[in-house]
Each structure stands twice: as C-alpha cells, then as structure tokens.
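Q: Please take me through the aromatic rings in this structure. Which residues do ring pairs link into a cluster?

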Amino acid sequence: MKAFAVFPAKRESRLVDHPEPKVIAHTEAKIRVLDVGVCGTDREIVSFEYGDPPEGYEYLVIGHESLSEVVEVADQVSRVKPGDLVVTTVRRPCSHPDCIACREGRQDFCYTGDFTERGIKSRHGFMTELVVEEERYLNVVPRSLRDVGVLVEPLTIAEKSLEQLAQVQQRLPWATPMEPGQATGAGRRAVVLGAGPVGLLGAMALRISGYEVAVYSRSREGADRNEIVAAIGGQYIPAEKYAVNQLPALAGPIDVVYEATGASALAFEVLKYLGSNSVFIFTGVPGHKPPIPINTDQIMRGMVLNNQAIVGSVNAPPHCFQAAINHLGIFMGQWPNALRSLITRRFPIEQAMEPLASGAGGVKNVIAIAS
Ligand code: BGC
Ligand code: ZN
C-alpha cells in the first residue's frame, strides 16, 4: 500500500510501497486513514532535523495528526466498532519498569526519553492507507466532526497546557471559580504568540474557558488569520506594527501567555512583560540556532518579584484527546466558518511534498488519503 516516508540516512523523502498491517492481538483494530495534517514537526522531519525510523527500517512513514475510520476489530475490542471515526494518540510508553509515568499510562511525562511516537520517533505514522492500532490508543470522534476531526491532535496541545495552567493557578486561592459553571478564565487575559494552527486552536480553547484573548503574530500574505481571531471574539495584534513592549498596553495586564511559535527570541522578549502571578506556557520546539544575548537579570528579577511561572508542555494523554473532541464540537457550534477555515487545502498523497516543503502557505494543510 501507499505511504509517504522519509529516509534520513539517504536524505530522501518519497512515496513508498509499505506492507499492509494485519490485526494480530485480541485488542487491536484496523483503521483506514482519511486525513493526515501537516505540521512544523513534519517539516522538520523531512528536512532531516528530527525523527527516527523504527528499528530494522531505513525509512519512517511520517504523519501524526490523523483522522481514520475503523474497518476491522479483534474479538476483545469493545470501545470501537467498524464505521467509527477515530483519532489516534501519538506517543507510546517506554519499556523501563521504573518509569512511573509510562507505567501509569502518562507517557506524555516519560522520564527516560525512550518513548516512541507514531510518525515521529521509532514508530511508523499515519501517512498511509491502513494502520493497526491497540484500541486503547483510539479516540472516537462524532460523524459531525468528519471535516475538522484532523484538528483534534493539534488541539490536544492546548488541552494539556490549559489543564496544567489550571493546576498551577490553584496556587491563587481565588483562582478556582466561585460560581459553579463559571469559566476558569473569566476576567483574565491571555496572549497567544503565533497564529498557526496550534496558536489559533489554543486561542479558541482559551476563549471557551472564558479568557480575553489577544493573538500576537506576524501577518503573512494572503492569510485571513486576523478575521479568524475576530470571529472568535479575540483581538489580533500584528507583530509588524506593534513591538512586544506595547503588548500590556494593547492587551491589558497579561495573566497567561500561550506560546505557539517555537521562536525562542520572541518568547523570552515577551517574558519581560508578563503581569503579576502569571503563567507562561511554552509549546513550540525551536530549531537549533546560534545563541542570542538576553537580559537574564531582568527576566529572573521579574519572575521572582511577580510570582511568575514558566511551564513547558509536550504531547497529550487520552483524556486531553477527549477534551479536544468535546471542545471541537463546541467550536463547530459557535464558530463553524472560522473553524473550517483553519483547514486551507487538501492534497493527494502523491503531492504530499508540496505542503511538507512549506511551499503551500495557509494555516493547516491536510493530506487526504481516503474519503
Ligand atoms: C506532536 C506531539 C509530539 C511532539 C514532539 C508534536 O508535533 O504533536 O505529539 O510529542 O511533536 O515529538
Ligand atoms: Zn503536529
């Protein structure tokens, strides 16, 4: 069957003929891949900066943001059935008996670094026709989300971040909503750095949680990202017009920064302008660039004197996939056009290299494997 793969040693990326997987274990399901999203991680992998083939292979089938349909289930599978739409989690546990995170099913917090990731690290991904997966890694998505279900995985990045944000802010005795049902972000201000898919989905999740949201981003040609931000009731602040030191004046005292660019120089600059008792969440993975000077005294002084916290967050556990599926349904109800417009274009697998080489533009490009 067709698959798109990267050969790191040969520095080559292309379509391959990949063996069709078979259901072997009693708890496995076979799924037919429908959509695969392309993200910055994939672009790094096809630039040979990141990513590892599974043991015994010279290539890695890429793709970790997926939406699939179940086609076959083994006899002990009970949570999914043929015809269900599913999104698969990305990370699989390491095998060290003393990695308490992996042993508890929280490989997103793996201690050893020996986890594997579908389409990224030592395990084939979803840019192919059929995949066999353990049922516990499958998350059912309602049919009504068929068009946008491929956005579940990038939204899980925000879901895990928001969960940690709430946990950190429990240090503020008044942070827990007083009224049952009152949103955790009511009366608070969040700044999102970057208007890519992770940033815009994060902005939507923050809005649903009650935050006032400002999105600070460089505007690219032909992008309607400011309209998407306006549609969700956010404020768009173009980085080419306003400097970072103007952010507090434009957005108000900042309670949360959700960083979704991977641009470390920008992130550390924004760190200087955080408000009191605020949290800065890093989600971007910067490439390896030469060191830059930063004023560490100013940043450390500000952090201590204002009780600020920095949290780095990667990957997401199954309950955050569930939260993302629920939230995507709410976004679809409230902002159907804005949500749909996050998906710019669908490409056949034969043209996968076009969005992977970042020549395609737009917010989220998708490889449509089947319909
Ligand atoms: C994926 C995560 C993964 C991370 C690091 C991201 O693009 O969404 O699931 O853990 O890359 O490999
Ligand atoms: Zn991704």
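A: Happy to: the cluster is made of F7, Y57 and Y59, linked by ring pairs. This is a predicted model, in which local features need pLDDT of at least 70 and side-chain atom pairs count only at pLDDT 80 or more, while totals for chains, interfaces and linings use all residues. Residues are numbered from 1 along each chain as written, chains are lettered from A and ligands numbered from 1 in the order written, and side-chain values use heavy atoms, without hydrogens or water.

Rings of Phe, Tyr and Trp (its six-membered ring) pair when their centres lie within 6.5 Å; planes under 30 degrees apart are stacked, over 60 edge-to-face, and the rest tilted. That rule gives five aromatic pairs. One of them joins F7 and Y59 in a tilted arrangement, with 5.4 Å between centres and 45° between planes. This pair bridges distant parts of the chain: F7 belongs to strand β1 (residues 2-7), whereas Y59, 52 residues away, sits in the loop between α1 (40-46) and β4 (60-61). (Helices, H or I, of at least four residues and strands, E, of at least two are DSSP runs, numbered from the N terminus.)

F7 is buried, at 3% relative accessible area, and Y59 is buried too, at 11%. Y59 also pairs edge-to-face with Y57, at 5.4 Å centre to centre and 75° between the planes. Y57 itself is partly exposed, at 36%. (Buried is under 20% relative accessible area, exposed over 50%, partly exposed in between, with a 1.4 Å probe and protein chains only.)
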